[in-house]
Structure formats: structure tokens, C-alpha cells
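The paragraphs below are a guided walk through one protein model. Keep the sequence and the structure in view while reading.

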Amino acid sequence: MSTTASDPLAALGSLPGVPDAVDSLRTSVDRVYGHRVMRRRSNEVTAEAALRGSRGSAALSGADWNLEEVRRRTDFSGEDEARVVGAALRLTAEAGQLLSIWRQSPLRVLARLHLVAAGGATPDDAVGRPRLAGEPVDEPLIEAPLPGAEEVAGRLEGLSRLIIAGGSAPALVTAAVVHGELLALRPFGSHNGLVARTAERIVLIGSGLDPKSICPAEVGHAEQGRAAYVAAFEGYTSGTPEGMAAWIAHCGRSVELGVRESTAVCEALQRGAA
């Protein structure tokens, strides 16, 4: 994250193209929240968005299952892909429980997310804490240079201060920065992509942009594909205004695609009720 403005997140919100992405996203979100199905069946839309978001996040972490397989499956132990899907589902379920803690103690929330994601699959002393010097990281999708443990600790603390301080930045900008910074740092020994995407979800819900959690960005990240995800992330790690703007716009498009998915769910529910 490279900016020296007194309110760095707000400064990112003024980068070329970002205001348009913010406005486009706000219009899309308002449209799905105004759908008539949301008046009486919003819980069903939320549940379906959670399932589809989990599937999308797992796909980016190498477990690209079809939706019906995720819906049908009850046992997520065993093979690696099943554990990834199970971790994504657990994280989505946990996200809504952590909103009240996020603004006061984001690092505590991140530790909890890693604990939930690991689900006993990682040695106990490595769960729920940032990695120490020399500890390996299992995150095959992201090949950017891995920051050292000391840098990770400092940047996590800086990110925490930004979140606690709040500010005037649009929710999309904050969510994109949280997501990108966690991917860049890969602070844990495992499950960093899943945790980063869950943190993005928490920001979007907690900001009030998506209070019912019906706009799963993970759906859009997966739909745009792993190559596009990595390319946009490289813009974030470049630290250039153009690269940062491209990452924020990519995240905005991902949320819009999640909106489109939930709009289709609303339409299906409406047809079923007709």
C-alpha cells in the first residue's frame, strides 16, 4: 500500500476510474436490495449468496467444485480439495459473527479467521498467529515475493490502525485494500487467500454497503478467473496509482458480478412463488 496522504484510503478513492467503479457498484447494490423478493425472503437470498461465495473462494484456492456438489456434500474431510471447500464454508459462516469485533480489533478477527479456516489441519502452535521468521507459507496461487515476518507484523499493525481509525473512504476501496494487503503479506502459514477474501466480505457487510451479505465478491473473483485475479493483484503490489486503481476496479467488478448472481437468485425465487 503506497500513499502518504493523511487519509490514505480516501486518497485512493480519488484515483482515476475509482469514483466511477464506486458509483457503478452502489447502483448495482441498490438495485438488488430493491428487488421485491428481498422484502420477504432476504434470508434465503443471504443463505444462497453465502453458499455461492464459499464456492467461488474455494475455486480460487484450487478447489473448483460445481455448486451442486458443494450443496450436496456433507463431509469435507479427507482429500485436500474437500478441506479447502470446508474451510471456505466455515469462514463464510463465521464472518457475520465477527462484525462487532472488526472495527475494534481487526487483528483479533484475522487470527480467528485463520483458526476457523485451519480447522485442526495445521499444528496448534501455528494457528491463529502471524508466521514467524523462516516458517513456510502454503499459498500456491500467489507467487509475489513473500515479505519477512518483521515486515508482516509492521504492515498488519498499520492496516489495523487504518481500520480502527475509519475515515471517509468508500467501502469498496477499504475492502479492496484489506483484501490486497492480506494477499500481499500472506501473514499465516496457510489459507491466506480464503482469509483475505473473507475479510473483504466483512468490510463490505460492516460498512453498510451490503448489510445482508447478498453481494458475494468471491463469486465475481472466481467468475473473472484466476489469471485475471492474479494480474489485478499484481497491480496492487506494484504500488502505482494505475495498478492500485486497477485492483480496486477489479474488486468492484467482482462485487457487481456477485450482485448479478444474487439478482438471478431473486428472480428464481420470484418465479417459484408465482
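Predicted model: local features only at pLDDT ≥ 70, side-chain atom pairs only at ≥ 80, totals over all residues.

Helix axes are lines fitted to C-alpha atoms over the stretch in contact, and the angle between two of them runs from 0 to 180 degrees, taken between their N-to-C directions. The axes of helix 9 and helix 12, the latter made of residues 226–238, come within 10 Å and cross at roughly 90 degrees. Angles of 65 to 115 degrees count as roughly perpendicular, so helix 9 and helix 12 are roughly perpendicular to each other. On the side of helix 9, the contact is made by Val177, His179, Gly180, Glu181, Leu183 and Ala184. Helix 12 contributes Tyr229, Phe233, Tyr236 and Thr237.

Is helix 9 mostly covered or mostly uncovered? Helix 9 is mostly covered, with 15 of its 15 residues buried.

The next topic is the nonpolar interior. In soluble globular proteins, nonpolar side chains tend to be buried together. Here the largest nonpolar core has 82 residues. Those with the most contacts inside this core are Leu12, Trp102, Leu110, Leu113, Val178, Leu182 and Trp247. The element that gives the most to the core is helix 9 (residues 171–185), with 11 residues. Apart from its neighbours within four places in sequence, Leu110 is in contact with Trp102, Leu156, Leu182, Phe188, Val195 and Ala199.

Now follow the chain out of helix 9. Arg186 comes after the helix, and its phi is positive, near 45 degrees. Arg186 is placed in the loop between helix 9 and helix 10 (192–206). Is Arg186 buried or exposed? With a relative accessible area of 3%, Arg186 is buried. The loop between helix 9 and helix 10 also holds His191. Phi of His191 is near 60 degrees, again a positive value in a residue other than glycine.

The model has 17 salt bridges. One of them pairs Glu151 with Arg155, at 2.8 Å from N to O. Where do Glu151 and Arg155 sit relative to each other in helix 8? They are four residues apart in helix 8 (residues 149–165), a separation of about one helical turn. An α-helix has 3.6 residues a turn, so residues three or four places apart point the same way. Glu151 has 39% relative accessibility and Arg155 has 24%, so Glu151 counts as partly exposed, as does Arg155.

Salt bridges that share partners also join Glu48, Arg52, Glu68, Arg71 and Glu261 into one network. Glu68 is partly exposed at 49% relative accessibility, and Arg71 is partly exposed at 37%. Another salt bridge links Glu79 and Arg73, with 3.1 Å between the closest N and O atoms. Glu79 counts as partly exposed, at 40% relative accessibility.

Technical notes
Residues numbered from 1 in each chain as written. Heavy atoms only, no water. Core = buried A, V, L, I, M, F, W, Y, C linked by side-chain atoms within 4.5 Å. Buried < 20%, exposed > 50% of the residue type's maximum accessible area, 1.4 Å probe, protein only. Helix = DSSP H or I, 4+ residues; strand = E, 2+ residues; numbered from the N terminus. Contact = heavy atoms within 4.5 Å. Salt bridge = Lys/Arg side-chain N within 4 Å of Asp/Glu carboxyl O. Parallel < 35°, antiparallel > 145°, perpendicular 65-115°, else oblique.
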